[in-house]
2 protein chains.
Amino acid sequence: MRPRLKDVAEHAGVSIKTVSNVVNGYPHVRPDTRARVEAAIAELRYQPNLSARNLRSGRSGVIALAVPDLSIPYFSELATKVIEVADLRGWTVLIDQTQGERDKEQLVMSGIRAQLIDGMLFSPLALTPEDVRARTDQTPMVLLGERVGGGTLDHIAVDNVTAAHLATTHLIGLGRRRIAAIGAQRAARAATAEQRLRGFRQALSDAGMAEHAVAGVSDYHRADGAEAMAGLLTHNPPDAVFCFNDTLALGALRTLLSRGLRVPQDVALIGFDDIEDGRFSTPTLTTIAPDKAHIAEAAVGRLAARLAATGHEPPQDLCAPHRLIVRESTAG
Amino acid sequence: MRPRLKDVAEHAGVSIKTVSNVVNGYPHVRPDTRARVEAAIAELRYQPNLSARNLRSGRSGVIALAVPDLSIPYFSELATKVIEVADLRGWTVLIDQTQGERDKEQLVMSGIRAQLIDGMLFSPLALTPEDVRARTDQTPMVLLGERVGGGTLDHIAVDNVTAAHLATTHLIGLGRRRIAAIGAQRAARAATAEQRLRGFRQALSDAGMAEHAVAGVSDYHRADGAEAMAGLLTHNPPDAVFCFNDTLALGALRTLLSRGLRVPQDVALIGFDDIEDGRFSTPTLTTIAPDKAHIAEAAVGRLAARLAATGHEPPQDLCAPHRLIVRESTAG
C-alpha cells in the first residue's frame, strides 16, 4: 500500500503536522527534525499527493532549473541531483537550457514562464549584476554558480578562487615548474573563468613562481581543450596544466597522448568538476570536486524556504564545499 | 534592426503568408519551400514575436522533451539539437528527466502537465504498448526511440537491428572470431537492447559464426561497461566487443587499458551513439552514429504538423538514418 503522511510521521517519531511542514517546505523546522523526516520519506518512498496539494496551494508542483549547457556533464550531473532532491518534496523539475546566451538568460530572468512554475533555480553565464537587480518578476529564484546578483537573490556557489588555488598548489607540490592554465574566457561570460584564473595566479605567486602560460578558450568542450593544448605545445611546452573544467582537461589529454607525450610523466593534468568521464579515462583525471549533492540540497532547500516564507527574509549567500581528488593524471 | 516576417519573405522569395504558415507549423507547405523559408529564418536570425502569437493562438510556446537520463550524453546531445530546431519556430523546450522509471513515464503519458505545454517529445524506456494505447490525454505527442506504441502516435527511431548488424559485420570484417556484446538488459526496459542484440546475432549467423559471449548490464553508464568487460576477461577473453552504447564502450575501454591490453590490437571495440566523448578518447572510439539532427528535425516537424492539424491524420512511423564511423578503436 502507498505510504501516507501518517506512516511517515510514525516512522520519524514526529507529528503529522511536522511532516506536513517539511513536505511543504515551511521554515522553523529544526534541522535534525527535518533530517529525520526526510530520511523517513526516503525510506518509505513516500510521495506527497500532488493534485490535492496543488489544488490547496494554487501551485503547479513544478520548478525549473535553467543551465547553460547540458552537454557539459557538470550540468547534467547537477540536474540529476536536483531532480533527486526535488523528488523528495514531490516536485517535478523541468530543465531550461540557455546556451549561456544573454537574451535567453534575460528571458528566464523576466519570468516569462512564471505561470508555469512555482520557483526557479538558475545558473547564468552571461547576465550582469544589473540584469539581476532589474528583475521585477516575483517568482522565487535561487542563483547557482557565479555571483552575478547584487545581493537581491539567494545564491549558492563554490569558492572558485580557493578551489583553483588548491588545484594549482597540488601541481606545484609535484615539483612542476612550468605550470600553465587552460580556460580563460572573454569578459562577457567569464565569472567562473576569472575566479579560477585568480586562484591559479595567487597560488603561483604564493609559491614565488611565474605563470608559464594561460590559454583562452571560446567554450568549455573537449574540442576547445584539445585546441588550446595544441597551442601550448608549439614552443616551450608546460610540464603541468590546470584546466578550468574536466571536459577541457579530457580534450587536452587527447592532444597530449596523440602526440606521444606521457601523462603525468611529461605533463601533469588537473581538471575541475569531477564528472563521470574523468573516472574512466586513461589515465584517470585528477580534479577538484564541487559537492554537487550539497549544492542541489541547498538550492532546493532555499527555494522551499522562499515558497513558504511570509515576510521578507534577507537573501542568503551559501558556499558549497569542494575537495581535491588525486588520480592518475597527476599521481600515475 | 530586428528582422520581420516581411524580411524573411523577401529573402526566401515567398509570400508573407507562406512564411507565417511555416513559422506556425501548418502542413501543406511544399518541402522545398519550407526548407527555403527555414534557411532564410536561420540566416536573418528571425525570431517570431512570441507574446503576440501566444495571445492569438492560446498556446504557451513551450514544448517538453522527456528523456530517461541526461547523464547519458546521447540524450543531452539530442536535447541540444531539439532546442536548436525548436528555436527556429520560436518554441522553448523544457526537459523532463524520467530516469526511465515506469511511474514517472506514466505521469508524462497521462498529461499531468498538459496545461503547461503545447506538445511533447517523449523517449520512453519502461512503458509498455498498453500504457501508450491507454493514453487519454490529447496533448500532441511524438515518441522517440523504442517502438512502444500500438501505432497510435507519431514515432521516430533508428533501425536498431540493421545498425547493430552493421556494427557487428564491421568487427567480423576485421577478421575477429571471438566477438562479444555488452549491453543486454532485463525485459522490462529492454526495447533498444533487444533490437541491438538481435542485429548482433543476425550478423554472426549470416557469417556462419557463433557468438562468443553476451554480457548483461543494469544501466548504460561507464561503470556498467567497465564491470561487464571485467567479467568477459575472466576466462577466454573476446578479441572484439560490440557495446550497445558509447558510454558502455568507454567503460570497457578503461578496463582493457588498465589491464595492459591493447585496443584494437588485442580487443577491438565499437560503440553506438557517436557522443563527443568518443571523439576524444585514446584510442578514439569507432561507433554507429544515429543522425541526431535528423531525429530532432523530424520530431519537431511532426509536432508542428500535429499542432496545425485540423482533422485526424494517421500516425507516422519515421526511420532516422545511421552510419558507421570508423576510428582508432577498430582501425588503430
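In this structure, 34 residues of chain B are in contact with 34 residues of chain A, contact being heavy atoms within 4.5 Å. The model is predicted: local features need pLDDT of at least 70, side-chain atom pairs count only at pLDDT 80 or more, and totals for chains, interfaces and linings use all residues. Residues are numbered from 1 along each chain as its sequence is written, and side-chain values use heavy atoms, with hydrogens and water left out.

**Buried area**
- Chains B and A bury about 3200 Å² between them, 57% of it on carbon and sulfur atoms. Buried area is the accessible area (1.4 Å probe) that two parts lose on being put together, summed over both.
- Leu94(B), Arg254(B) and Phe280(B) supply 21% of the area that chain B buries against chain A.

**Charged contacts**
- The interface of chain B and chain A holds 6 salt bridges. A salt bridge is a side-chain nitrogen of Lys or Arg within 4 Å of a carboxyl oxygen of Asp or Glu.
- Glu276(A) and Arg222(B) join their side chains in a salt bridge (2.9 Å, N to O).

**Strand 2**
- Strand 2 of chain B gives the largest share of the side that touches chain A, 6 residues. Strands (E, at least two residues) are DSSP runs, numbered from the N terminus.
- Strand 2 (residues 92-97) of chain A runs antiparallel to strand 2 of chain B, and 2 bridges join them. Two strands pair if DSSP finds at least two bridges between them.
- Ile95(A) has Ile95(B) as its bridge partner in strand 2 of chain B.

How values were computed
Chains are lettered from A and ligands numbered from 1 in the order in which they are written. Helices (H or I, at least four residues) and strands (E, at least two) are DSSP runs, numbered from the N terminus.
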